Amino acid sequence: MTRRDLLAALGAKAAVLASLREQAAAAAGPNIQWAVSMFLWTSTQWGDSAPVPYTDMLDVIKDTGFDGFRFVGWPGSLEKYNLTLPFLDRELSKGNLRIATLSFNGEAHDPSKHAAIDKSAHAACTFLKHFGATEIVVFSPRRPNKVLVREYLRIACDYYNHLGDLCAEYGIRAGLHNHSQGQLVESQDEVELMLKLTDPKRFHWSPDTVHLYMAGCNIGELFDKYAERLICMDFIDGKYEFQRQEMHLPNGKVEKPGSQNGTFMLSNRNLGEGEIDFERLTRALKRVRYKGWIVVDDHYTPAGPREDFSRSMKYIREKLQPIYS
């Protein structure tokens, strides 16, 4: 065999191996699945006093190209929407949709509440396991006086390690969701302290980009540094806008000028329409070979959920999926 023949044979073999790797990756499915949060339909803007029919929400999710949704309002939404397992199984199957994860909370800083949180967590994990979900998103409790934040967080993180062990019994990973509107973990220092105080093998991170943005965090730096702790995340763009006028919401509520909630909602943007560098964040996910869900958790959709989710999905397909999907 000549040198040219050898190089040609090696090149052909490399091409075959590359093709096999691509076929294996395709068979394994996408690395990232995209969901929305049902929060938008249950409070703040479109739901609350007059709940939107659940099937209408599922129609929007399917029609805009998403794979599933995050369940919120545990466990109250089950009764509010009369959601039974047979109903959910049937309706999810119709649209080929999945429950990606579930928003879970409790007063983790208060040891007297831990037994009750355990009980709720067992029920939540049983619910998630039924639908094949493997992550639960944990919200921190309300923040106390700033002087006490570190002590409350120390107690909460001790409990979060235990909560991670409890969820692991069901094959589910638990991770903390930061929140900029009065919760215990808001700032970059608090996010990093939470990650320091929790065992990376037992408890993880499920951040929300617009809440990181509103809290003044360096989002790209956090993702670069802690990407291996990620198990789920919310992608929402942000561009600060102070609420100067009354906001009349579709659910009939009115936000007075200058409100924290109104300013937060106005500062939410569809993906690609704000100031967050999602391409950098996606490259961080690619570096660690992240595999899991990303939730587009719009809190305010002036054009309506169908239009705004469609615009975000267009950005995902054109800008993010070419980087890592």
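## An aromatic pair

Trp 205 and Tyr 226 are both buried. This holds for a predicted model, which is the basis of everything reported here. The ring centres of Trp 205 and Tyr 226 lie 6.3 Å apart, and the ring planes stand at 80 degrees to each other. Rings count as a pair if their centres lie within 6.5 Å, and planes over 60 degrees apart count as edge-to-face. The arrangement of Trp 205 and Tyr 226 is therefore edge-to-face.

The two residues come from distant parts of the chain, 21 residues apart. Trp 205 belongs to strand E6, which covers residues 204-205, and Tyr 226 belongs to helix H10, which covers residues 219-226.

Searching the whole structure gives 15 aromatic pairs. Trp 205 and Tyr 226 are also members of one aromatic cluster, together with Trp 34, Phe 223, Phe 235 and Phe 278.

## The chain as a whole

The protein chain contains 13 helices and 12 strands. It has 325 residues, and 52% of them count as buried. The accessible surface of the chain is about 15500 Å², and carbon and sulfur atoms make up 51% of that surface.

Among contacts in the chain with a separation of 6 or more, 80% are between residues 24 or more positions apart.

## Asp 308

Asp 308 sits in helix H13, which runs over residues 305-320. Is this residue buried or exposed? The relative accessible area of Asp 308 is 3%. Buried means under 20%, so Asp 308 is buried.

The side chain of Asp 308 makes a polar contact with the side chain of Asn 270, at 2.9 Å. When neighbours within four places in sequence are left aside, Asp 308 is in contact with Asn 270, Asp 298, Thr 301, Pro 302 and Ala 303.

## Phe 242

Phe 242 is located in a loop, between strand E8 (237-238) and strand E9 (247-248). The relative accessible area of Phe 242 is 37%.

Note on methods
Residues numbered from 1 in each chain as written. Predicted model: local features only at pLDDT ≥ 70, side-chain atom pairs only at ≥ 80, totals over all residues. Heavy atoms only, no water. Phe/Tyr/Trp six-rings, centres within 6.5 Å; stacked < 30°, edge-to-face > 60°. Helix = DSSP H or I, 4+ residues; strand = E, 2+ residues; numbered from the N terminus. Buried < 20%, exposed > 50% of the residue type's maximum accessible area, 1.4 Å probe, protein only. Polar contact = N/O pair within 3.5 Å; in protein donor to acceptor, adjacent residues only side chain to side chain. Contact = heavy atoms within 4.5 Å. Areas by Shrake-Rupley, 256 points an atom, 1.4 Å probe, with all protein chains shown as cover.
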